[in-house]
Protein chains: 2
Amino acid sequence: MSLREAVRDDVPRLLQLLAEDQISDQRDDPNGDLTPYLAAFDAIDADPNNTTYVWEQDGEIVGCFQLTFLPGLLQRGGWRAQVESVRTDRRFRGRKIGEQMMAEAVKMSRARGCWQVQLTTNKDRRDAHRFYRRLGFVASHEGMKLKL
Amino acid sequence: MSLREAVRDDVPRLLQLLAEDQISDQRDDPNGDLTPYLAAFDAIDADPNNTTYVWEQDGEIVGCFQLTFLPGLLQRGGWRAQVESVRTDRRFRGRKIGEQMMAEAVKMSRARGCWQVQLTTNKDRRDAHRFYRRLGFVASHEGMKLKL
């Protein structure tokens with residue numbers, strides 16, 4: 001069991017994981033044209049403040065998340081860490097993979113000197129809210145989205 | 001009335017605006033040492049996907065926000081736009097400056113081809129929720145924060 005930075009060859013498997021539990025829009029097809037996804041992967045990969053991580057177990061990718069470090073003026077010019085697209089393979093639920101991934105995300109955010117880790121999670125995902133609360137997250141904000 | 005990208009010399013005025021209505025931590029002092037804030041401003045300024053904007057009226061900065069473009073794998077590798085640190089000078093409330101700034105943010109996000117504009121706003125800021133709902137934002141997510 002270990003965390004590593006994703007590489008380009010992981011993109012098809014990442015898309016499977018992401019498609020597995022999309023709650024809202026179903027605009028993604030893991031069996032479709034990879035070109036736009038590879039371009040996005042490259043954009044993330046090229047940014048030193050933005051990384052896709054995968055969690056491997058017995059040589060198989062069973063979890064993933066994206067971690068982004070964001071500069072801001074508030075908090076004495078402090079950096080925030082933002083977590084997106086957290087997924088665990090359905091077959092591996094209940095094995096604390098999410099906990100371990102988030103523990104790593106928090107550890108990396110501390111190492112970067114961030115003052116906060118932030119994320120938004122769909123209001124329908126009640127299990128996710130409990131999960132993040134257990135990790136110490138506080139649901140202090142409304143997560144507002146405007147589709148373009 | 002016009003929007004422009006902030007420059008380094010705007011940092012003291014930006015800190016005044018940000019300090020004016022900080023709801024939570026009061027770790028910022030607009031009259032303190034500028035060094036960490038200038039470093040943060042430079043980090044934002046150096047990132048082509050991250051910009052601080054100011055709104056001027058009669059040569060005075062009366063509003064600001066930070067706009068960040070974020071790549072992701074979801075939505076066919078689409079980019080999201082994130083708005084942070086939106087402030088309007090108290091003396092200029094009710095003059096639609098917030099509306100005009102957000103209209104510009106949405107316009108820039110569309111021009112960049114983003115599929116979504118996202119932000120989080122403290123659950124205590126009920127006026128802000130109404131404001132963003134009027135602009136079409138949906139409070140579909142919990143905004144979860146972990147202070148480090």
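Which residue of E6(B) is the bridge partner of A:Gln116? In this predicted model, the partner is B:Lys147. That pairing opens a way into the contact between the two chains.

Start with the strands. Strand E5 of chain A covers residues 116–122.

Now take the whole contact. Chain B puts in 59 residues, and chain A also puts in 59 residues. The size of an interface is often given as the accessible area lost when the parts come together. Here the buried area is about 6,000 Å². Carbon and sulfur atoms give 58% of that area. On chain B, three residues stand out: B:Leu73, B:Met144 and B:Leu148. They supply 15% of the area that chain B buries against chain A, more than any other three residues.

Next come the polar links. Between chain B and chain A, 27 residue pairs are in polar contact, counting pairs with both residues at pLDDT 80 or more. Strand E6 of chain B, residues 138–147, gives the most to the side of chain B that touches chain A. Its share is ten residues. By residue type, that side of chain B divides into 26 nonpolar, 20 polar and 13 charged.

Charged pairs close the tour. Two salt bridges are found across the interface of chain B and chain A. One of the salt bridges found in the model joins B:Arg80 to A:Glu84. The closest N and O atoms of B:Arg80 and A:Glu84 are 2.6 Å apart.

Notes. Residues numbered from 1 in each chain as written. Chains lettered and ligands numbered in written order. Predicted model: local features only at pLDDT ≥ 70, side-chain atom pairs only at ≥ 80, totals over all residues. Heavy atoms only, no water. Contact = heavy atoms within 4.5 Å. Buried area = accessible area lost by both parts, 1.4 Å probe. Salt bridge = Lys/Arg side-chain N within 4 Å of Asp/Glu carboxyl O. Polar contact = N/O pair within 3.5 Å; in protein donor to acceptor, adjacent residues only side chain to side chain. Helix = DSSP H or I, 4+ residues; strand = E, 2+ residues; numbered from the N terminus. Nonpolar A, V, L, I, M, F, W, Y, C, P; charged D, E, K, R; others polar. Pairing = 2+ DSSP bridges.
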